[in-house]
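Please take a walk through this structure with me.

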Amino acid sequence: MMVAPMYSTIFQLEQTIVAITLVAFVFVLSPAAAQTQTLPISEAGETAAPSNRFDYHAVRGRRPLVSRSGRHEGERDFALLGKSRVQGLKHYGDQWSGGAHLLWDGSVGATMETSFDVESEGVYDLAFQLTVASDYGLFEMSLAGTDVKQSVDLYGPKVELAPLVKLKDVRLKSGKQSLSFKLVGSNPKAKKFQGGYLLGLDYLQLTRKDQPQSDTNAFDPTIDRSSVSANSPSRATPLAFNELKVTMNRFCYRCHGGGSTEADVDLTAFTHRETLLADIDTARKIRDTLASHEMPPEDKKQPTRELRAQMVASLDAMLDEYLSKHRSSAPVVMRRLNRYEYNNAVRDLLQLGGDIYPLPEKTIRSNAPYFDPASGRFPAVVHVGNRTLGKNQVERQILTGVSPFAIDLQAEGGFNNRGRELSVSPILLESFLKLGRSIVSSPEFDRYCGSTNSLFAVPNELTLAQQSDLARERLSTFLEVAFRGELEATVLDRYHRFFVQRLEQTQSFRLSMKDVVAAVLASPKFIYISESAASETESRLSGYELANRLSFFLWSSIPDKLLLDAARDGSLAQPAVLDAQVTRMLEDPRCQALSQNFARQWLRLDQLVTAVPDFDRFPQYYSRIGCEQWKFGLQTMLEPLLLFESIMVEDRSIMLLVDCNYAYRSDELQSWYDDKVPFAGRENRERFNTNQQLFRKRVLNDRRYGGVITSAGTLTMTSAPLRTSPITRGAWVATVIFNEPPPPPPDDVPPIEADDKVIEAQGLTLRERLQQHQVNQSCKSCHAKIDPLGFALENFDAVGRWRDAYGSGLEIDASGKLFGTREFRDVVEMKNALLKHPESFMRAFCEHMLSYALGRELGIADEPVVEEIVARFAADHGQFSTVVRGIVQSHPFRYRAQQIDTKESK
Amino acid sequence: MKRYTLSRRAALRGTGAAIALPLLDIMQNNWCHAASDVAPPKRAAFFYIPNGVVQSAWNPVDTGKDFTLSPTMQPLESIRNKVLVLSNLDRIKVAGTDGHAQASTCWLSSAAPDELSPAGYPLKRTIDQIIADKAGRETAFRSLELSCNPYEDNRESVYFDNISWYGHGHVARSLRDPQDVFNRLFRIDQHAASSSILDLVMEDARSLRPRLGKLDREKLEEYTQSVRAVEQQIQRVRKRQSDITKLNPEAPIKPWQAMHRDEFIQVMGDLMILALRTDLTRVATLMTAPERWSSPLKVEGWFDKPIQHHGWTHNQQNEDVRRQLEKLDRFHMEQFVQLVQKMDATPEGEGTLLDNMMFLLGSGLSSGELHICSNLPTVIAGTAGGQRQTGQHVRYAEGTPIANLWLSMAQVMGTEQTRIGDSTGVLKEVVCT
């Protein structure tokens, strides 16, 4: 566990001059979106008024006015005016870009108006891709501000793409371009559609002809490692060690010394500065409990403010001394791919059409691809579902005969990508062996595999010897990608020899190559992410090794060709190239792995799967069909993930994960939040669709909602069937939001009634009941930290819906204190307190992500690195890509430490 | 190779698993050439209950042959002459780590309390694996690890979900899906198909090794060990090919997700018994459920609503809760007894499968209420071919290490171990004098 200094506000955001591109953005309002309830937002006490607070909604990625591909999608990048709407076209075939187009209809004489954006003035070639069909009309197209006028006949006997309409050398000004299509008539063969004719616009491709000006906003990746200290400079003067001992004698030894060693801490053991330095974890713990006013306990004698600061300063000095001597961080242990990564790696290696086996890890399911990070825009409406919502709890196979191995469990407070927890046993090896074989031999494989021709197909007329040569040539390319490293001749020889043996036996190039691929998929070179031992205390990663870390961090998969090229020619070592790769990778749909693999685990969302709010007490959690198998409430699992994805795609501030003025919800989910019965309203077509729902972006005018802490999914999974569980909620907030997981619960956990009705019948609130139980000091000091975080959420019931009072009418006390000093009265004030110290959440987020990126636990030696990243992160107001770049450029990400002994950081 | 007689009457009585053994006749006629005086092999199996048991309902009041069965032990009545109940066996708890993770992970651990793994608790090769080092030399599978963990929410870490370890950081992962278990045991073709690949990937591992650091080499060792294990397995399975083909058992069809709790445990138990009686393995562990894992659990036919086993254990001062918990303990005991009865209904040699087994029921905690590790609940059925004095309750001196039991079992199973973990000697009631 890494505990970061809580009180050190590195950045006074209010005083920082905001130098980012502010892009006004518009919320798409759906009829059901407006929430009328408002809560008076009290800004008393120390919480800042909203006007003083930085608005994190203003942070947004430089939204490309021209999408990066230069392609304006009809369904996405054109203004939908009048009768224009989006039509999905998957059922007509896969030739439409994005699987959809913009559709309009009208009567002869009417005009379809729309507009699109152009980033900078210049000369462009335009290519319009339109759709033809039997009821499409004859149009006159014109582009305002240009002399473009073009007649287009969209009649066709069947629904398909029209020939491209190409316009050369058109000068466009920057900004909005008005485009219109006037319906002037029809082809004689065309039939009418509702008295008129239709138009379909798939996309517009813009190609810049003149030389664009260079981008002066390029990211400067150089870091001055010396400029940021590990700990913010303490203003107080450190005490000499003897003075520190005298002070500890006065304030600490009574409970933590000699005879009495509360929490197994005996401070009298630290007789010399050196003995404390040797136990740096304890030194860190003492420092943090002092700094956060956790110790001495409130009812004990307190040091003066100044003395406390001096004690902290003394310990800071010791920490700095330790860190100056222990720069290198803990070694990363070689690990095998987990189940999710193995799927992605095989998919990308063989260019498969999709997954190899069903993955419950992929919480969000969608038949219509919506995740397009290159566009820089997250759609306002997404058609998504949740595997666990449907009736079919048992997954169907994707490839016949291919079954996954068991899911890899998360480390305590961490992720499932750590070497220590990822073992290989005979059973697992059997799985890998079987997987390789069953994948290539499944009947669907040849159709599913994009490299069928480049890898398995062979011209008929080749002799066996020629086939052998051809195989060698193909393998030299394939094995480099599969093993993600420089291909040694001995390895190529070995696999080629194996191929030749198989060829002699089978006489079939295809079958022999499949046997080779099956072996590759079980090889340690494929299933482990391995790095060469460090030659000294630490050494720089090779290009290939860095490429591996990058791709498994951002894609949970193997490096692609472009990344391997940069690894091979050594250019990846250059900061600018590395940064450009990060940019490219974040614009690739594969980075959805950060949502599916990182965010899901970080938020511990899987826990919702087994949540069973009491069926009688919370019938609305279940579908109205009255069947416990259909948990309507599982839809709530999508809300925080969609928020995360929107932040990622639009490169917004991660502070929106704490406080956000929008949320993605289905109509059903919205009415459920509004305390209406879901599945009401017979006119709703989605009523019985438990597999897919339309999730729309909704404006939230009410700060009680928004963000992951107050989303129904997380609130439900941290509750018991018949009541909330503030301690579980508090522990979740401490772990997820602050990365300060509480220590394991003690053995003598006192019992508490399972039903809040029973507690309230005694005239007690849950809070009062829990407080009765904190019998001794060690309970109190720990719970003083966890509980307020959970009680702040007490206004949300066990399925995450707002309540003003308990069922019995008893009042809810949601007040507490954050960071030891910031008092709050309700959840909105708690959010304010969090926003007032944004670096706390940013640091925690950064630590979670760094630990995920490295595949190991963090230790004290990583703190300076985290502080560096957080410094930049905070300066960018928590912009998502900043933390990703900071991690990629950080020292521990680019270097590996020597593996000296088996003691790993705890 | 020596073989012992397997009776045709030994049909399994699964509670819903479609494992029919119609071809036992063929099996008997063709498989058992050995002289009848060859003693059947000894086997050891472990049945794990998470979160401890209610102490007041568990502990028998008296000892000896005519001891009174405690309330939770009532289901043992029909087999009381075949079991040994042992009290006062302890494990030393290590402070500072989670009590439940320790309960599962360290229960069978052969590490002494002061031999800490990097995870913070004593974790080394577990006793089932030590036994398998010897007893697994001849069988197709060196050991079998099973779990009836029904949770799909990944709530807990690997330490809560496994009782069998090759060493610290190297888990012997259990199989959770009866269909996977079945395929592994009986789908011979799957094993053979891999053999051509093994040499190749082993070469890869060898070429990888010199470049790696110390910890990485330890990790790679897991891979090479597994390759060797699978190689042996393939060879041995091949030898058994004709038997297994003739046996032709029917795979369980029903998905485990659709099974009731008792059905799930019994089907897994049936597969375990099938593997033991066909001598495909001689060592097995079966977790009825993982430790802690506070997700609600359905126990159909016993409880109307999903139960919270872990939550209940901390709330057992409440009489209603305690009664529910006692009922759950009874449920587990009944599952155990049913499996013992199945073993005892499986004739083998002069006696039954049970006579040639040690089938142990236990938990890593005695009481879940305070995470107590002393007086761990322990029942052994079967004598493993010995003259053991079953049918009694033995109460050892307070503080007797449970490692003494592991050492005794290891010796019965033929290992040369003289010390395991913090063991101080053997239990004479177990090592059959």
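Two residues are in contact if their C-beta atoms, placed from the backbone, lie within 7 Å. Helices (H or I, at least four residues) and strands (E, at least two) are DSSP runs, numbered from the N terminus. The model is predicted: local features need pLDDT of at least 70, side-chain atom pairs count only at pLDDT 80 or more, and totals for chains, interfaces and linings use all residues. Residues are numbered from 1 along each chain as its sequence is written, while chains are lettered from A and ligands numbered from 1 in the order in which they are written.

Start with the domains of chain A. Their bounds come from an automatic or database domain assignment. That assignment gives domain 1 (71-208), domain 2 (241-325), domain 3 (335-360 + 395-529), domain 4 (538-593) and domain 5 (594-836). The centres of domain 1 and domain 4 of chain A, taken over C-alpha atoms, are 38 Å apart.

Now look at helix packing. Two packed helices are described by the angle between their axes and the distance between the axes. Axes are lines fitted to C-alpha atoms, for helices over the stretch in contact, and angles run from 0 to 180 degrees between N-to-C directions.

Find helix H16 (residues 575-586) and helix H28 (residues 880-889) of chain A. They pack at about 135°, with axes 11 Å apart. On the H16(A) side, the contact includes Pro575(A), Leu578(A) and Val582(A).

H7(A) and H12(A) make another pair. Their angle is about 145°, and their axes lie 7 Å apart. Gly436(A), Arg437(A), Val440(A) and Ser441(A) in H7(A) meet Lys514(A), Val517(A), Ala518(A) and Ala519(A) in H12(A).

Next comes the contact between the chains. Chain A gives 59 residues and chain B gives 63. Helices H7 (426-441), H11 (489-506), H12 (509-520) and H13 (524-527) of chain A each supply at least two residues of the side touching chain B. The largest share of that side, eight residues, comes from H7(A).
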